[in-house]
Amino acid sequence: MDGIGPHRIADIWGTRTPFGREEDWPSRVDTMLADGISEDEVERWVQSACVLCSNGCALDIAVANGRIVGVRGREVDRINHGRLGPKGLYGWQANNSPDRLTEPLIRRNGVLQGASWDEAFDLVVARSSHVLEESGPLALAFYTTGQLFLEDYYTLGLVVRGGIGTPHLDGNTRLCTATADFALKETFGSDGQPGSYTDFDECDTLFMVGHNVAETQTVLWARLLDRLQGPDRPKLVVVDPRPTPSALEADVHLPIKNGTNLALLNGIQHELFKRGWIDETFLASHTVGLDKLRETVSEYPPERVAEICDVEAADIRRAAEIIGRAERLVSTCLQGVYQSHQATASACQVNNINLLRRMIGKPGCAPFQLNGQPTAQNTREAGADGDPAGMRNWQNRAHMDDLARHWNVDPLVIPSWGPPTHVMQILRLCEEGSINFLWITGTNPAVSLPELSRIRSILGQERLFVVVSDAFLTETAQIADVVFPAAIWGEKLGTFTNQDRTVHISEKAVDPPGQAKTDMEIFIEYAKRLGLEDKDGAPLVKWSTPEECFDAFKEMTRGRPCDYSGLTYDKLRGGSGIQWPCTSSAPDGTERLYIDHVFNTDTEYAEDWGHDLMTGGTQEKKHYSELDPAGRAILKAAHYTEPFEPIREEFPLLLVTGRTVYHWHTRTKTGRVPELDRAAPEAWVELAQDDADALGICEGDWVRVTAPRGVVEAKARVSGIRPGVVFIPFHYGYWDSAEGDESNGRPRAANELTITAWDPVSKQPIFKTAAVRVERIEAGDGATPAPEQAASAPSGARA
Ligand code: SF4
């Protein structure tokens with residue numbers, strides 16, 4: 001690759017461009033072109049944004065000879081000011097991979113074989129019709145991703161909820177951002193990030209909980225590093241069991257025991273109350289629930305919390321003091337909270353901390369409930385996960401009637417008699433046999449869901465008809481009855497929204513390979529062939545182009561929190577992305593929400609009427625109205641409980657799974673990119689020096705990790721991780737693992753070990769607290785295929 005600047009695999013965050021508080025982040029344009037291609041040879045630069053994490057860095061796609069040949073960061077964009085990280089710079093090569101799916105596949109005599117679109121559609125539609133006739137809509141389910149475009153999701157949501165009428169529609173955003181969504185709804189009445197990326201430029205204090213930003217959103221970390229190395233360095237408090245790059249930069253690092261976030265966050269609030277670092281006047285006028293919160297956290301003095309979390313009480317006090325004395329506080333959380341024990345309860349405490357300090361709705365002040373996937377926000381807004389479209393409340397009859405009016409369907413068709421079905425429940429219903437048609441788009445549950453032996457047996461059932469739309473023959477596609485070849489980023493037009501509400505347009509740069517179609521086209525054709533109609537007998541889906549879909553979507557959002565009504569494709573072209581809400585009164589978008597400290601909690605407007613954080617019990621309108629938040633934020637309190645699977649003699653270590661900077665999800669794309677694959681080619685098992693010594697394990701030895709549900713075998717990396725904790729990256733499955741490889745066909749997917757358990761409120765599966773044991777099975781050669789940079793660096797290198 002011809003990169004501008006140093007090699008960006010080793011130099012993950014690029015050169016520093018320090019800046020001070022309230023200054024503009026300097027631009028730095030990162031470019032990567034295929035070997036042998038110069039900028040002069042690029043025929044076209046096509047506007048887009050990166051789809052390899054939630055940051056949503058704007059870029060232009062380089063095209064030559066009908067192929068994608070590189071990318072260049074967009075200097076004018078508010079998100080990245082021209083920068084790109086390793087995945088953005090190299091990841092586009094997956095589009096050109098020779099093993100892209102180019103024709104539909106149908107399973108015949110047990111083998112997937114090439115077929116025409118007509119044959120594949122005929123089979124899928126015949127099976128859908130049969131299941132609908134025999135068992136009704138509740139026997140069909142759909143499971144999508146966080147990586148399609150808004151237009152794909154909105155079409156899917158309409159077809160499934162407004163046409164077929166099943167509540168069984170979820171996204172794999174359930175695994176990454178369901179807790180963000182619920183924490184925002186519980187506290188503020190609706191989804192929608194209160195803050196803006198410019199708050200990172202203007203804060204004086206950063207509080208990061210379970211957020212390994214240096215690896216999960218590299219360009220955001222580049223922005224923070226530039227603040228940390230510039231004048232007016234913000235103070236930094238990091239909560240993470242691993243010595244992540246942000247932890248190494250921190251003023252206070254709290255490497256707490258897995259599953260104890262809630263105890264720690266209660267302890268910090270205890271100190272804020274005790275030391276008077278709260279704004280009583282603001283809280284009295286703009287929040288409800290203060291007394292209950294005060295009473296709850298009073299039981300968490302630092303000494304008790306230190307014992308639960310296994311950190312020093314003095315460090316908890318120091319962290320609380322930094323937060324308590326902050327004048328502009330930005331808090332963030334991600335999977336260390338969302339995929340852990342008491343996820344929503346903990347994420348709500350992060351919201352509480354900013355509210356207690358009145359750090360919201362003004363520059364440099366926001367709690368960020370960040371996203372994982374690039375288009376996760378759109379699954380939530382467009383109604384392709386567990387939320388009805390347009391951030392409507394499924395319990396509110398008026399909301400659902402309004403949605404039915406937009407879709408011109410009978411309100412009774414749209415399932416709203418109970419909560420939408422989350423993916424773990426969908427799988428349970430498949431297991432029990434009440435669902436026997438499952439369509440999976442752009443995601444790979446055979447590697448990404450917990451307890452894989454169970455997932456494989458569910459998906460492989462004879463009675464379950466599985467359809468997969470994907471660009472590659474993933475582990476899940478290999479099990480399917482029908483596979484549709486999908487067009488991906490760069491091959492279709494559409495929009496998507498990043499984690500600070502910035503909407504980008506992504507133009508079509510090249511044609512998809514072979515007969516591949518966009519997901520929107522596939523859903524429209526499916527609806528047509530299935531005969532789905534509106535209540536007047538007209539075709540249910542009224543659009544045939546992405547722009548027509550976008551126009552229908554934005555009309556549907558008018559007046560809702562995610563109001564896109566002022567946006568057009570043309571407006572998104574040429575400049576920076578634009579933040580919603582974008583309306584006639586805010587035509588340039590809205591930088592931050594809640595500047596008037598009026599929140600979306602009015603009973604009739606709220607997207608959700610809340611839950612009991614301990615049990616997940618859904619609150620009815622009557623109880624919510626009695627709380628009478630009426631525009632005030634809701635301080636929700638909860639007590640700490642022990643994680644579900646405690647360590648014990650047979651399984652004395654705690655497993656945590658997570659990402660490396662070089663890969664994305666199950667490596668469907670990044671595993672096909674030579675630079676990224678070489679940087680992290682194989683799974684590894686990371687453990688602390690003390691644990692390695694006790695188990696007689698050296699760097700590079702082969703080890704077996706055993707949980708009650710399965711085993712993983714991989715080479716050991718002895719790192720600076722907290723003693724008692726084992727880390728395995730969750731990216732590795734089996735599509736490129738075989739006998740003769742280094743892995744030699746060994747079990748290497750981290751989810752062989754994880755537990756079937758989820759947060760009671762967000763229903764997000766728990767990936768951070770399984771009990772395991774580790775043993776050495778074979779001497780190694782001293783080398784481990786783990787990256788030498790970031791959180792996985794060997795302990796020796798760090799010393
Ligand atoms: S930070 Fe995320 S969006 Fe930006 S280039 Fe990297 S992977 Fe892409």
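A cavity is defined on a 1 Å grid over the protein atoms alone, as a set of points where a 1.4 Å probe fits but cannot get out; lining residues have an atom within 4 Å of a point. Grid points are joined across faces, edges and corners, and a volume is the space filled by probe spheres set on the points. The structure shown is a predicted model, in which local features need pLDDT of at least 70 and side-chain atom pairs count only at pLDDT 80 or more, while totals for chains, interfaces and linings use all residues. Residues are numbered from 1 along each chain as its sequence is written, and side-chain values use heavy atoms, with hydrogens and water left out.

**View 1. The largest cavity.** A search of the whole structure finds 4 cavities of 30 Å³ or more. The largest has a volume of about 550 Å³. Its lining comprises 37 residues, and T145, Q147, N172, G442 and H665 lie nearest its centre. Two or more lining residues come from each of α19 (445-448) and β17 (465-470); helices (H or I, at least four residues) and strands (E, at least two) are DSSP runs, numbered from the N terminus. The lining has 15 nonpolar, 16 polar and 6 charged residues. In these classes, Ala, Val, Leu, Ile, Met, Phe, Trp, Tyr, Cys and Pro count as nonpolar, Asp, Glu, Lys and Arg as charged, and the others, Gly among them, as polar.

**View 2. The second largest cavity.** This cavity holds about 360 Å³ of space. It is lined by 27 residues, with G210, D240, Q335, G336 and K768 closest to its centre. The elements giving two or more residues to this lining are α6 (213-216), α14 (335-338) and β23 (653-658). Of these, β23 gives the most, with 3 residues. By class, the lining divides into 7 nonpolar, 14 polar and 6 charged residues.

**View 3. The surroundings of the ligand.** Around the ligand stand C50, L52, C53, N55, G56, C57, G85, K87, G88, T218 and V219, a residue being near a molecule if one of its heavy atoms lies within 4 Å of it. Helices α1 (86-90) and α7 (218-228) each supply at least two residues of this shell. The shell consists of 5 nonpolar, 5 polar and 1 charged residues.

View 4. Strands β6 (residues 105-108) and β7 (residues 111-114) run antiparallel and are joined by 4 bridges; two strands pair if DSSP finds at least two bridges between them. L105 stands opposite G114 in β7. The two strands form a hairpin with 2 residues between them, and N109 in the turn has a positive phi of about 50 degrees.

Key: On a 1 Å grid over the protein atoms alone, a cavity is a set of points where a 1.4 Å probe fits but cannot get out, and a pocket is an open set with protein on both sides within 12 Å along at least five of seven lines; lining residues have an atom within 4 Å of a point.
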